[in-house]
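Here are a few exercises to work through with the model open. Try each task before you read its solution.

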Amino acid sequence: MKNSLTQKDGLPIPVKGAREIFSLLAEKHLTLSTAESCTGGNIAHNITLIPGSSEIFKGGIVSYSNEVKHMVLGVREKTLAEHGAVSRQVVEQMAEGACRVCDTDCSVATSGIAGPGGAVPGKPVGTVWIAARYHDTIRSGLFMFSGSREEIISIATSAALSLLYSTITSPDNAPSHDGF
């Protein structure tokens, strides 16, 4: 695997795996939840393969249908109707919903088209929106992957974990030491 992923807008994200996320979250005493559509629980699976993951991982929602996105995660029906399930607006609401439902510090959300079917005009197979939430910060990105269904799910999983890692470690999210 490459050591960086590139969003559709050209911004690189260094690749980080489940163990690196686990270590970072454990070190910072943070909890994690997931809201997965196109990855179908693969992010949660990769986290829970790590011994001790119950220290940081509270749960995940596989929201494959729009009904689950709306009823469980609280994605607004209007957002789904106006933007479609594979959109920035939807994955950001999914990430917010995962944190709310699971009462966690951070979350990742994915929605995309893993193929081989499901493509629509403007959203070919391999189109994946990913959002990462850390406290009140949400970062999202559009990715265009290629490969088999399994390969797209795998690389989308890596991209989600990597986006979460970069969101948490961003200098913009460093704790303020002012006023002590």
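**Exercise 1.** Which residue in β6 is the bridge partner of G112?

Solution. A note before we start: this is a predicted model, where local features need pLDDT of at least 70, side-chain atom pairs count only at pLDDT 80 or more, and totals for chains, interfaces and linings use all residues. Numbering starts from 1 along each chain as its sequence is written, and side-chain values use heavy atoms, with hydrogens and water left out.

Step 1: find β5 (residues 106-112) and β6 (residues 127-134), which run antiparallel and are joined by seven bridges. Strands here are DSSP E runs of at least two residues, helices are H or I runs of at least four, and both are numbered from the N terminus.

Step 2: go to G112; its partner in β6 is V128.

**Exercise 2.** Work out the strand order of the open sheet and find its edges.

Solution. Step 1: count pairs, where two strands pair if DSSP finds at least two bridges between them. The five strands come out as β4-β3-β5-β6-β7, with mixed pairing.

Step 1: β4 (57-62) and β7 (137-144) each have a single partner strand, so one side of each has no neighbour in the sheet.

**Exercise 3.** Is V72 buried, partly exposed or exposed?

Step 1: apply the cut-offs: buried is under 20% relative accessible area, exposed over 50%, partly exposed in between (1.4 Å probe, protein chains only). V72 has 38% relative accessibility, so it counts as partly exposed.
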